[in-house]
Amino acid sequence: MQKTLSVINLRNIRANALKIRSKIGNKKLFAVVKADAYGHGADEVARAIEDVCDGFCVAITDEGAALRIAGISKPILVFAPPLDRTDVERSALYGLDLTVNSVKTARLIGGLSAECRLHIKVNTGMNRTGCTLKELPEVLRAADARLLEGVYSHMYAPQNAAACHNQLKIFNRAEELVRAKKPDVCAHISASGGLLRGGGFIKDGVRAGILLYGYAPSGFSASGFKPAMRIYARRTQQTGFIGGGVGYNYADREYKRLSAYRLGYADGFLRGVPLGEKTLCMDAFLRDGGGELLCVMKDADEYARRCGTISYEVLTSVTRRSEKIYVR
C-alpha cells in the first residue's frame, strides 16, 4: 500500500454525536458532513450516526447527491444557494433542501416549480451568504410558503459574546418575520461554537461540524470530545548516509541511517513544516530512524499550530491521497 493510511474511528464520531445530543435534548441535530465529512469520509460518517441525527448539511449539491446514492434518507441541507436551474433540478431529483439567500434565488426555484424544502439564510453579520433583515420581506413574498422548512444564520465570531448576542437579536427578528408566514419553521443559528455557548443560541436546532470530529472552534474547548483520525505513512527505504543532502536540502549534520517515508506535500502536508528532517518533498520525507509504519498525525490542532492554520484546514487536506480504514 503506497498511499498514506487514514485510520478513522467511527466509534469516537458516534460518541461525539451522542454527547452533542445529550447537550441539546430534543432540539434538532444537523450533522455537517461537507468536504467529505472534514476528510473523514461522508458516506461512512453519515451511516454511522444517521440514527442519532435529524439531518445533515453539505456545501454543494454534488455532496448531497452522493449521500443519497449512498443510501442516506434523512433531510440534507445544501449550504450554497442554487446558482442555476441545473442545481435546482438536481436537488429536486435527490430530495435535497435548498438555501434561499435572495429574491433571485427564490424566483429561480419558484420558476421551475421544484418541490424542494427551503431554508432561508439571513445575513446577521458574517456578510458571506444570506439576505439582510431589510430584504427578508421581499424574499418571503417570492418564496413558496408551502416549502418553507427553516430559517438560519451563522455566527462569525462565536468566541465573542457581544458579537454573538448582537447577531442573535437580528436573527430573532428575522425568525419572527418568517414565522408570520410559516409558524412551524426550524430556526437555527448555531454551529459548533454556538452549540458550546448554549442557552438561547440553541434555538430549534444546531449544526454540528468540527465538534463532531473531536475538535472545537477557536476560543472553545473540546474537552470530553474525541478526535477520530490518525494518519500513518509507510517506510519505503532505510539507507546509510553517504553525505550530501537530506532530500532537497543540504545536511547540516551527520546521520547513521535515514528512513524514507511515502508521504509529502502532495498528500496535504505543508512542505515547510517538517515531520522528520528538513522539508517535505512532494511525495516523501526523511526521518532519522523510525519504524516501518509511522503515525505522522494524531492531533490536528497540534499540527495546525505548527502550520499557522486551523484544524478544519488540516483535516480536509491530509486525507487528500489516503486510503481510509474505519474502526467500528
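A pocket is found on a 1 Å grid over the protein atoms alone, as an open set of points where a 1.4 Å probe fits, with protein on both sides within 12 Å along at least five of seven lines, and its lining residues have an atom within 4 Å of a point. Grid points are joined across faces, edges and corners, and a volume is the space filled by probe spheres set on the points. Residues are numbered from 1 along each chain as its sequence is written. In this predicted model, totals for linings use all residues, whereas local features need pLDDT of at least 70.

**Exercise 1.** Describe the second largest pocket by volume, contributing elements and residue class.

Step 1. The second largest pocket has a volume of about 200 Å³.

Step 2. Its lining includes Leu275, Arg287 and Arg306. Strand E13 (293–297) and helix H10 (300–307) each give at least two lining residues, and E13 supplies the largest share, four residues. Helices (H or I, at least four residues) and strands (E, at least two) are DSSP runs, numbered from the N terminus.

Step 3. The lining divides into six nonpolar, no polar and five charged residues, where Ala, Val, Leu, Ile, Met, Phe, Trp, Tyr, Cys and Pro count as nonpolar, Asp, Glu, Lys and Arg as charged, and the others, Gly among them, as polar.

**Exercise 2.** Describe the largest pocket in the same way.

Step 1. The volume of the largest pocket is about 740 Å³. Among its 34 lining residues, Lys34, Tyr38, His154, Ala191 and Tyr312 are the closest to the centre.

Step 2. Helices H2 (34–38), H9 (192–197) and H11 (311–317) each give two or more residues to this lining, with H9 giving the most, three residues.

Step 3. By class, 19 residues of the lining of the largest pocket are nonpolar, 10 polar and five charged.

Terms used
Predicted model: local features only at pLDDT ≥ 70, side-chain atom pairs only at ≥ 80, totals over all residues. Heavy atoms only, no water.
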